[in-house]
Amino acid sequence: SAMQDDNYDPNACIAACATRFPNVPLSSLIAAVSGPRCGCSTDLLRDFIEFGPDKCVYDCGPLAFDTPLCGGPPDYWGVFMQYEYQSLATHGAYDPWRYIFYTIVIIREERFSLDRAWNPDFGLEPERYYLHAVNVQTGLSAFHYGLRLPGIVTGLQYDLDDSRLVAILTSQATARRTLGGQWTYYLFTIDINGTNPRYPNLTSLEDQFRPEQLLKSAEAFPPEIDLGPGDLLAKNQTIFSSTTAIVGMSPVDKDGTFIFTVPQNAPMLNKVKSRIYFISIPDGAVIYDRALDFACYSLTANEKYGDVTAVGSRYGEMQAVNVARVYYSTAESTKKVAWKYNVGRPEQLALQWP
């Protein structure tokens, strides 16, 4: 280990460990910080015992941030390791005000628990999901903007107007640790208060929410999204998609609208078409939903005017079409959706697709 006068910057500790062990791949290297000390390891279970985050009370030094991630007395360490997988269920979200790019990353539970990860008696999930933040100006991890997630997060979006992340949350236990149930979808929001850039505050309705609580509807604190009656394909099978969009808050609409698609029933998977949902933030209420006659691959929202466009494969060719406009009705004091998509004559936005 190494020691210095000030508390160690985790990224500096990672660089020091990489220099000290040049023949060890980063995927096997573990950097640990406890105040001014930096330690390196290649065996997590041999060198550390896991405790809760409340044991970390040290900030991470004048060159890093004040969020208490860097250990605590008498001998607790903040541990930093490379993630194993990046979730393809979200394409990432960019915060242009702070130059932070967010993705969802995964580490297998067996890295922490060995065989217990697959023993049903322990009730553990197969993976751990994390919100991973990177400063695009430096390329370094912004650990103080990351956190552990309570389940599978898809379609992550950054709301430009309200400094928050919005996505869909589902339980990772469905069809794996718990069999026979249907997939349930929740609206997941994380508010980001960066007033103090050295100690940002990431809060959500799901704070302290445990993954196992998603299995108990009575305890479901994140608002559940009602996909409606019927045997929808998205309830029995999940086809993860990052196809989402957001219309942020405005002077009249203080909350905003989240838009996403799910697969409808079809005789074969290559015939699946999408159903689009417009969801009120933050209560998760369905404002409007409608079946599309194509599989939607991309959604885009104009946050100023509320126009929503979709790109997808329709009758054998790619099309970009105008589908709806989200607006706020002052007369009714509610958000509404004006449906624009005409099956017989859709308004195409790209007339000559390459």
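Analyst: Strand β15 (residues 257-263) and strand β16 (residues 274-280) pair in the antiparallel sense over 7 bridges, where strands are DSSP runs (E, at least two residues) numbered from the N terminus, and two strands pair if DSSP finds at least two bridges between them. This is a predicted model, in which local features need pLDDT of at least 70, side-chain atom pairs count only at pLDDT 80 or more, and totals for chains, interfaces and linings use all residues. Residues are numbered from 1 along each chain as its sequence is written, and side-chain values use heavy atoms, with hydrogens and water left out.

User: Which residue in β16 is the bridge partner of F258?

Analyst: F258 has I279 as its bridge partner in β16.

User: And what is the strand order of that open sheet?

Analyst: The order is β14-β15-β16-β17, an open sheet of 4 strands with antiparallel pairing. Its edge strands, β14 (244-247) and β17 (286-291), each pair on one side only.

User: Switching topic, why is one side of β10 and of β13 left without a neighbour in the sheet?

Analyst: Those strands belong to an open sheet of 4 strands, ordered β10-β11-β12-β13 with antiparallel pairing. Because β10 (152-159) and β13 (201-203) stand at its edges, each has a single partner strand, and one side of each lacks a neighbour in the sheet.

User: How many bridges join β12 and β13?

Analyst: Strand β12 (residues 186-193) pairs with β13 over 3 bridges, in the antiparallel sense, and I192 stands opposite L202 in β13.
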